[in-house]
Amino acid sequence: MKRIKSNHLWRRGATLLLAMLMLFTCVGSALPAFAEEAAGNTATVDSGDPVLADSSASGDSTGDTGTDLPDDPQRPTLPSGEDISEEAPPADESDGETVPPADSDSSEDPAAPDSGDSIPDESESEPAEQPGEGDADLPEDEQPSGEEPDPDEDEEIPENEPEDEPFEALVILDPENGAAVQAGVGEEVTFKAPVSREDVAVAYQWQRFQKPAAGSVQTEALYDYAEGETTEYWYALDDMREAEALAMNPDMLWPGIEMYYATVAALDEIGADSSDVSIAWKTPNFALEGYTISAAETESGIEVYADKDDERHVAHLNENSEWEFGEAEEKPETTGAWLNIEGANGPEYAFTVEERDYDASFRCEVTVLDEVYLEQCLSILEEQGIELTEEQRAAEQKLYSVVMSVENGKEEALPEDEPMTFSMARSMLRAAASGKPQLSADAQWIEGLDGNYQYITKDTYDRVSEWLAKGEITETQAARYWTYLRPNGYTGSTVANVLDENGKPTGTTRQYQGFDLTDGMLEVNSEWYGKTVYFRVAGSGGTGTAITIPAYTELETDENGNYIEGASGTKYKKAITFLNPYVPDAKSMYQAFLNVTAADGWLLEQDASGNPTGATKDMHIQTYIVDCDSFNADPQRYMVDAEGNYRMDSVGWGVCVSEEPDLSGKAYWVLKDYLANGYGFLAGHDTMYAYPGAYYDAFGADLDESTIDPNDGTTWYYDINSWLPGTVGYTRDGRQSNTRGGHFYMNQLMGSNKGNVYSNMEAIIEKQRRKVMKT
């Protein structure tokens, strides 16, 4: 890679940022929808495996929410991955990345995959054929001779020739009892995957995906290594396995024992047998070298991994039943695989719940066996001038049900109920001594904090105290109004009340992510201007330290560094919180470029030419990132604190490269309220109006906003690589829709402007519809 001179780095970074925001998404020529979508369509037509949806996005994870899933095609493609559309991009450019579901440590129910699949729209009804169309199919003596046909003249239909019935695509219907079922260990659960047509021959195969272990990093040595001694695995007994030796002497140690315990923990986490673990001789001590040790079930059996950054070492059992790690390889985007469940070959699958089932997902793979049905599909393609090779014709065509899961329904204990930890006690002692939280001189930060603190505004505290005194809420509900920063920051989450329009608990709970501090400082929330905020150590009583935030702010200080109160109406901030729901295939471009123009969030000073000098300004941007599927499933988890205030100053959606997701209904309504309250928002043009991104362009009518479901957390992607009829939009969990194939909700959020891309889209759709009707 060519080195960039330091005096051009700033210009290059700024230019690249603008260029990325102007990228048009790679697009292929998507086949139009040929068939009406059956009610409750949740299936995908594919020869590969759809990726598991992030079913715990709105759950109660208290740890890292990143979990990789099988990197399978999301769109209807051929088994070989070959694309039959000449204009479609290569599979490696259009296939989507997997979305990491939250690694649930808490006990609140994770959100089930959304079962909705499309928005009802009047444009789905079939408009009447326009006069003059179809002349090419008339006999020679009936061809028109330059004269326009009478629009009122009906086309004659032979008496003995029946009209063709519309083609009905085969789909898997939504399970009646929902995709997520609550059940305890030992209870029986039945999942169902009925198909829409009984006359089409199919074969069923239920599959299971076991969530890979999150793994752990060993930071302390258990064995007393001498200076300069290698930490490689060196178990010295030839006639006794490790487990047997430890049974005799639990305190026994040997060089590399950290790898032994890390491997045992990884196998235990996925419910695999760890009773006779042995590690190959001279295995590097990945555990002490900062690698995460984890395990997963794969098609070839159980594997153990040592991961660090983008590097992975994979271990398999060798001929001596020892875990032997291979050479370094690039860490894949996904880990684990969908495995067939032996004997589960019907439309229903019943089983008794075990503990490990809570970390598993289930789906039904339906293989189409009906040759007549497949020939109907092929004839529709032929009408479009698409010819398949023999290999493509011979490939099995499969549909996948919505991903299903089992939840235990237990509720997590609140942090207030946890025992006082040493870290909390230390924070209380330090605060009592001299380190009480305080407002910074420029009124931009709350200083003197750590992750053990929590806060609440005085206004909310007074209301909650009154409700509690009247017996209208419980003490537990009152405690949940305090927002907990969390020692592990943004990677952890905490339970909060779901509030009604009056700010009172509804009786249900939700999750919110923690906060990342900058040198012990928290940004002043935009909701705090003119208010008093209480800060206290979690687990302590009372209101703690009261800090009053000025109503108006200027970005200036006097000669002594003290804040200068601004004129009425000014509310300037130079400590900004920014949330980026990113698209997995592009990752967080905003964070990437801020890493060029800022140092640990602090913006860099510039010289007269606009190049960074290396010095930092007193302006800071704290960037939080979340994948778009998780954000769509539960936007308030990342945007709203415990008492219901927005915590982000700005939200930036995208940017997109190859994948084109839309906002969910839930995200649409949250963002609409967020923007109405004056907060910032960034979005690239390709997430609003690219291709058939505007609803009007796709259907020739404005979207009815009342059809947007505020409880729908589904992320729909635009499908550019399908070959079977009836597919336009797709989701990570395998659903398809011919009414959710664009950026319809983002377009609505930004303000619909009729026909902004394809003014003739209505005519194109009508032309394609007539071709289908002729079949």
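Reader: Is R393 buried, partly exposed or exposed?
Author: The model is a predicted one. Buried means under 20% relative accessible area and exposed means over 50%. R393 has 35% relative accessibility, so R393 counts as partly exposed.

Reader: With which residue does R393 form a salt bridge?
Author: Side chains of opposite charge can pair when their charged atoms come close. For R393, the closest N and O atoms of the pair are 3.5 Å apart, and the partner is E382. R393 lies in helix 6 and its partner in helix 5, so the pair ties together parts that are eleven residues apart in sequence.

Reader: What is the relative accessible area of R735, which forms a salt bridge with D733?
Author: The closest N and O atoms of R735 and D733 are 2.7 Å apart. D733 counts as buried at 3% relative accessibility. R735 is buried too, and its relative accessible area is 2%.

Reader: Which residue of strand 23 is the bridge partner of V533?
Author: Strand 22 (residues 532-537) and strand 23 run antiparallel and are joined by four bridges. The bridge partner of V533 is I547.

Key:
Residues numbered from 1 in each chain as written. Predicted model: local features only at pLDDT ≥ 70, side-chain atom pairs only at ≥ 80, totals over all residues. Heavy atoms only, no water. Pairing = 2+ DSSP bridges. Helix = DSSP H or I, 4+ residues; strand = E, 2+ residues; numbered from the N terminus. Salt bridge = Lys/Arg side-chain N within 4 Å of Asp/Glu carboxyl O. Buried < 20%, exposed > 50% of the residue type's maximum accessible area, 1.4 Å probe, protein only.
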